[in-house]
Amino acid sequence: MTMMRELTLIGIRMESPNRAPVMMLRETEGYRYLPISIGSVEATAIAYEEQGLRPSRPLTHDLMRDLIEAWGVRLEAVEIVELRDAVFYAELLLDNGARVSARPSDSVALAVRLNTPIRCTEEVLREAGVATPEEEQAELERFRQFLDGVAPEDFSS
């Protein structure tokens, strides 16, 4: 069985110079961060949910949540399971035992809507995780404060 580590979504960060969105995840018990480049649509979907914003019509991830609930299935976890050729792969683990392949960005957008655990294999964290020494914690706190002030409109083209 593959060793899994639980992650927490820290937020979305705009990476310079092209202002590409990066989803920042962090080990709940540890010091590694997992940065994953994502699309602006997924970044907006995650940011909307984090800020409690409700569009007048459901976004795709809202539709996915509503379908999962309507079918009486529960999303047990989102798992980032592989990194191959610089591409991350994730799976949605359903309570009926089904595993559905998905992009990590879509998986996390769904997880924040359903309050579902996010996990990652130890192998992916070893390969792509970034260990942060304690002296850099102050910089991370400034980043968190920045995230608190980011609006979803900042991610639109």
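Helix α1 is followed by G52, whose phi is positive, near 70°. Helices (H or I, at least four residues) and strands (E, at least two) are DSSP runs, numbered from the N terminus. The model is predicted: local features need pLDDT of at least 70 and side-chain atom pairs count only at pLDDT 80 or more, while totals for chains, interfaces and linings use all residues. Residues are numbered from 1 along each chain as its sequence is written, and side-chain values use heavy atoms, with hydrogens and water left out.

Packing rests on contact, that is, heavy atoms within 4.5 Å.

| Helix | Buried residues | Elements packed against by the buried residues |
|---|---|---|
| α1 (40-50) | E42, A43, T44, A45, I46, A47 and E49 | β1 (4-15), β2 (20-27), α2 and α3 |
| α2 (60-70) | H61, D62, R65 and I68 | α1, β4 and α3 (104-114) |

The buried residues of α2 are H61, D62, R65 and I68. They lie on the same side of α2 because they cover an arc of only 125° around the axis, the arc being that of the directions from the helix axis to the C-beta atoms. The face turned away from this buried side carries the exposed residues T60 and A70.

Within α2, H61 is buried, with a relative accessible area of 5%. Leaving aside neighbours within four places in sequence, H61 is in contact with E42, A45, D106, A109, L110 and R113. H61 and E42 are 19 residues apart in sequence, and their C-alpha atoms are 8.9 Å apart in space.

Just after α2, G72 takes a positive phi of about 70°. The loop between α2 and β4 (75-84) holds W71, which is exposed, with a relative accessible area of 62%. Together with L63 and L67, W71 forms a nonpolar surface patch with about 340 Å² of accessible area. Patches consist of residues with over 30% relative accessible area and no salt bridge, like charges being joined within 9 Å and nonpolar side chains (Val, Leu, Ile, Met, Phe, Trp, Tyr) within 5 Å. A salt bridge is a side-chain nitrogen of Lys or Arg within 4 Å of a carboxyl oxygen of Asp or Glu. Accessible areas come from the Shrake-Rupley method with a 1.4 Å probe; for residues, only the protein chains shown count as cover.

Eight strands form an open sheet of mixed pairing, in the order β6-β5-β4-β7-β1-β2-β3-β8; two strands pair if DSSP finds at least two bridges between them. The edge strands, β6 (99-102) and β8 (130-131), each pair on one side only. Strand β4 pairs with β5 (residues 87-94) in the antiparallel sense over eight bridges, and E79 stands opposite E91 in β5.

Technical notes:
Buried < 20%, exposed > 50% of the residue type's maximum accessible area, 1.4 Å probe, protein only.
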